[in-house]
Amino acid sequence: MPKPRSKRSAVREERKRKRHEPDGSSYEAKRPRRSDDDAAPYDETAGYAIDGAAPDEGQHDGIAEKEFFGMLDDEEQEYFRRADEMLELNQFPTTDDRDLFLESVYTEAKGKELKLASSQSCSRLMERLIQLSTTAQKKSLFEAFGGHFLSLVRHRFASHCCEALFLRSAGVVTQELAGFVVDTKGKGADQQEPEASMESLFLATLDELEGSLSFLITDRFASHTLRVLLLVLSGRPLDDASVKTLMKSKKKENISVAGSAAADEQNQGLRAVPASFNMAIRKIVSDSTAGMDATGLRVLAKHPIGNPTLQLLLELDLSLNKSEQKSDDDQVSLLQQLLPGAPKSLADGSSEASEFVNGMIYDQIGSRLIETLVVHSPGKVFKALNQNIFLPRIQGYVRNDIASYPAIKVLGRLGKDDLVTAVDQILPTVPQLVSKSRFNVLKTLFERCAARGVNDEVKRLMKGLKEGCGSRPVDLVTTLCCLRDEKEKVKDVEQLTRNQYAIQSHGAQLLTVLLSIPGPSKGVHESLLALPSEHLIRLATTSMPTVTLLTTALSTPAANSLFQKSLVSTVTPHTSELAVSQFGHNLINAIAEVPSKGKDLSVPYHMKEAVMNQLGAHEAELRECWMGRSVWRSWKGDMWKTRRGDWKGWMREVDLPQQAQQPVAATRGLNGKHAGKKEVAKDDEVAEAPVAEAQDEVPDAMEIDAPEGAPAEQEEPEEERPKKEKKDKKDKKEKKDKEKKEKGDKKDRTEKEGKEKRDKKDKEGKEKKAKKAKD
């Protein structure tokens, strides 16, 4: 009896039958994908069916369907692919040749702009063309895209071309405000047409998008393009770090081409914009949220795509309404829509405004809108928010992993009295903040207290920080930089989870801030000295924030004059390893910049020479990577090899600017007298002593320097120095004049004696002649 057919064999037979069947008309076409969120490979037809099926119907109520602009044929695709390769290679003899090439590509692309922009393979070429385009070419693209912007901004690939066109055209608007710019390169007589201003082209684009803004805010692709358009209309700097995070996501591909940086110079910095752009922003803000009730705004505030756009709308609305708040009483601002009746309504805990803030502050997405509200809200509204919501519950907010971020923004805006009140509430929870790794909150507290001059609060915060970290000095760095776990010793950056890496970076930034405050910096120096060598090397090679901690500590004057020497002595055996490290090479470069002489900031010359010897022994290894080459240049390795005397002279030049900044050190001795050369010799002996012994002898040295009952000499006041210098100059001048006078007197005496000898000789001669004549 034969074996029954399994399901797998049945499927195999079905596939064979399909392959041998002559035509596939009996099968139904696959349904096109209806979700833009699918991560499957995207085809040239921008999400539509390859077999010519119609676009998605009824995809969005009240919104026009996406247009299908067709596909490039094989010859066109090959031409544009080769053009893209030539632009990327940039092997043109001159810029004029490249301009001629761009002109020929634009000629070939005429009438195919929409196909190029919506093509997966050729949309990158369109972005590169836009980056190198002239003003006339950008305007021709605006005209080609005109009438289709609503479909283009929602397209997966064309939306990026629209963003590039808006960004690269922003500077042209500012140029045309100063005077209309005529295209000197010109066109042929048959192509000459009246040229529209860039301002009118932007406004025409907005007219196309009008009526669809409320939907575009939450569209996956159009929301980014809308943010770019808003930033261009506002005149804000487009190269600011905070702006870049609004314009594009982390996954966005960075398309660039040689020569684009020079062409983008006119778009940098603040830009002047016409008054019509400000009116357009107000209209966009009102149209985007028109018809939304409180529930709709809450949904939009918690929407992962709509929230960043709402943040930008709120920020622009607040900045525009600052001066014209009283004149436009009839128009309700976006702030009033979010917080009805503010600031008075915030005093009532059950009001709609209070419920909105309380509901958003613990939401992972909505809390970002609260941050924008705190930073940019008017003074009256912020005062009401602070007094009624934030300040009474600040100790609870800073402990929460989400609410701590709006709380940080609040702390950054508080005045001195409110800051003291907030610190008093937070102080009992500082050890708990350390255990929860809220290092960014502690960093903000130290920064603001130092900026406001609240030194007592700084001391209390430092005391609480030490309680949370541990009683030993070394615990400060090991806790904040996550060095305690023995299992993590062998881990590098790639093995650390994202959360652990962020915590370690926040802890290193906190320690770097403490180094800038006179009192706490001493504790950080002591903690770094107590670290074992393997932990120091791990700090130097883990991340940029951790190595910045070491470089900052190395360049900060320390109460312990042996700190820099101890740190360099620990690092020297690992010089070759650190020099080729992505982060560690910064520490080796920083050692070269520390002066060789100084009271509280110095690394002796012989230690620097030991580091240079280590680098010279591994020169070939250093030259193989860019980090090693950077270290070799910073230490002037070629000069060290060929002209050792010049290298020593360069090392002394490094000391000169640093010594000019150092205060005049007081000469100290047991008898209270100036030690002179003996004191210098003593310092050299301390510098050359083994570092391990020096660390143990630090307390004794401090006691010897300041014994009980010994009269301590004070340092020379700053105002005494110019007087002393003038006196020294005067003394030198008088001495020189005296020496000159003595030389002159000696010369006169010599001449006088010579004259007397000559007179005596002449007299004797006359007497002899007279005697002979008489005889």
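Which side chains meet in a salt bridge at 2.9 Å, N to O? Select D646 and R643: theirs are the two side chains. This is a predicted model, so read each stop as a feature of a prediction. D646 is partly exposed at 42% relative accessibility, and R643 is partly exposed with a relative accessible area of 42%.

**Stop 1: the salt-bridge network**

Now select E619, R623, D638 and K641. Salt bridges link these four residues in a network. Over the whole structure, a search finds 17 salt bridges.

**Stop 2: K283 and its partners**

Go to K283 and show its side chain. E210 forms a salt bridge with K283, and the closest N and O atoms are 3.1 Å apart. E210 sits in the loop between helix 9 (198–209) and helix 10 (213–216), while K283 belongs to helix 14 (residues 275–288), so the pair ties together parts 73 residues apart in sequence. E210 counts as partly exposed at 38% relative accessibility, and K283 counts as partly exposed at 40%.

D287 and K283 are 4 residues apart in helix 14, which means about one helical turn separates them. D287 is partly exposed, its relative accessible area being 26%.

**Stop 3: a positive patch**

Switch to a surface view and pick K597, R644, K648 and R652. Together they form a positive surface patch. Centre on K648, in helix 39 (residues 644–661). K648 has a relative accessible area of 32% and is partly exposed.

**Stop 4: a negative patch**

Stay with the surface. Which residues gather in a patch of negative charge? Select E739, E742, D745, D748 and E751. Centre on E742, which lies in helix 43 (residues 720–774). E742 counts as partly exposed, at 47% relative accessibility.

**Stop 5: an enclosed helix**

Hide the surface and select helix 5, residues 123–132. Of its 10 residues, 9 are buried, so helix 5 is largely enclosed by the rest of the structure. The buried residues are S123, L125, M126, E127, R128, L129, I130, Q131 and L132.

**Stop 6: backbone exceptions**

Finish with the backbone. Most residues other than glycine have a negative phi, and most peptide bonds are trans.

Select A342 and P343. The peptide bond from A342 to P343 is cis, with omega near 10 degrees. P343 is placed in the loop between helix 17 (334–338) and helix 18 (352–360).

Select S437. Its phi is positive, near 65 degrees, and the residue is not glycine. Look for S437 in the loop between helix 24 (430–435) and helix 25 (439–452).

Last, select K636. What is the phi of K636? About 50 degrees, a positive value, although K636 is not a glycine. K636 is found in the loop between helix 37 (626–634) and helix 38 (637–642). At 33% relative accessibility, K636 is partly exposed.

Methods. Residues are numbered from 1 along each chain as its sequence is written. This is a predicted model: local features need pLDDT of at least 70, side-chain atom pairs count only at pLDDT 80 or more; totals for chains, interfaces and linings use all residues. Side-chain values use heavy atoms; hydrogens and water are left out. Patches are made of residues with over 30% relative accessible area and no salt bridge: like charges are joined within 9 Å, nonpolar side chains (Val, Leu, Ile, Met, Phe, Trp, Tyr) within 5 Å. Accessible areas come from the Shrake-Rupley method with a 1.4 Å probe; for residues, only the protein chains shown count as cover. Lys and Arg count as positive and Asp and Glu as negative; His and the chain ends are not counted. The place of a charge is taken as NZ of Lys, CZ of Arg, CG of Asp or CD of Glu. Helices (H or I, at least four residues) and strands (E, at least two) are DSSP runs, numbered from the N terminus. Buried means under 20% relative accessible area, exposed over 50%, partly exposed in between (1.4 Å probe, protein chains only).
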